[in-house]
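Welcome! Here is a friendly first look at a structure that may be new to you.

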Amino acid sequence: MEAFSETVLEYLEEHWIELLVAAGSAAVGWFFGRRRAASEWRKREFYDRLNVSLTSIHDGKLRIRTLIEKRCDEVFLNRVASETVITKARQTTTESCLLDLPKDDYWFYLNSVLNEVSERFAEGQVRRDLHADVCCARYLICLTSEAAGSVRTRKVRAMVVQQSLLENIGEEPPEFESPNHLTRWETMKELSVAWKKTPWKFQSVEICM
């Protein structure tokens, strides 16, 4: 035991500067991490989260339902890709909620989300392959971060919308489950125009249940 204590003391004597610097760095990182977290909470900004939400209209009422929510780095799997998505989400405006990613790279980001959605609904594809009764529809996925209106929280949002709905959206707004959903209706109209002008910002997927 005495030999062990002497070894520890000797190590501390030789490396106390490095240990002190490491401890100081850890303390500074903890302080700024806490400070950033507190700031994000006050602003209701959670850009490190990816929310995959289904937007639909049923019986004349707009419905918004979360399908998946994960950390961005769990979906995009590459640190650079995840940081790029977060940066672009911070830069969206009240005029445009779609992430301004490079055209040639857009498919790779959307495909990461597509993989998450496809995995969640994989059973439907197997049921169809087995010739079981299934109901299928084609959906569009796009990456957004809504900044307009009374958005309660800022996140990266992968919106999932039936293609037929975006292609045939009407002028008159539906009923809203919440007054805050007016923002999503405005987003839907923006996406309807964007789908025609910039289709590379969308990924098509057939979902079967």
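The notes below cover the sheet, the helices on it and some aromatic rings.

This is a predicted model, in which local features need pLDDT of at least 70 and side-chain atom pairs count only at pLDDT 80 or more, while totals for chains, interfaces and linings use all residues. Residues are numbered from 1 along each chain as its sequence is written, and side-chain values use heavy atoms, leaving out hydrogens and water.

**The sheet**
- Six strands make an open sheet with mixed pairing, in the order E5-E2-E1-E4-E3-E6 (strands are DSSP runs of E, at least two residues, and helices runs of H or I, at least four, numbered from the N terminus; two strands pair if DSSP finds at least two bridges between them).
- At the edges sit E5 (175-176) and E6 (203-208), each pairing on one side only.
- E6 pairs with E3 (residues 136-144) in the antiparallel sense over 6 bridges, and Ala137 has Ile207 in E6 as its bridge partner.

**Helices on the sheet**
- Helix H4 (residues 103-120) packs on the sheet, touching E1, E2, E3, E4 and E6 (contact means heavy atoms within 4.5 Å).
- The direction of H4 makes about 135° with that of E3 (axes are lines fitted to C-alpha atoms, for helices over the stretch in contact, with angles from 0 to 180 degrees between N-to-C directions).

**Aromatic rings**
- There are 3 aromatic pairs (Phe, Tyr and Trp rings, using the six-membered ring of Trp, with centres within 6.5 Å; planes under 30 degrees apart are stacked, over 60 edge-to-face, the rest tilted).
- Trp107 and Phe108 form an edge-to-face pair, 5.1 Å centre to centre with 85° between the planes.
- Trp195 and Phe202 are both buried (under 20% relative accessible area; exposed is over 50%, partly exposed in between, with a 1.4 Å probe and protein chains only).
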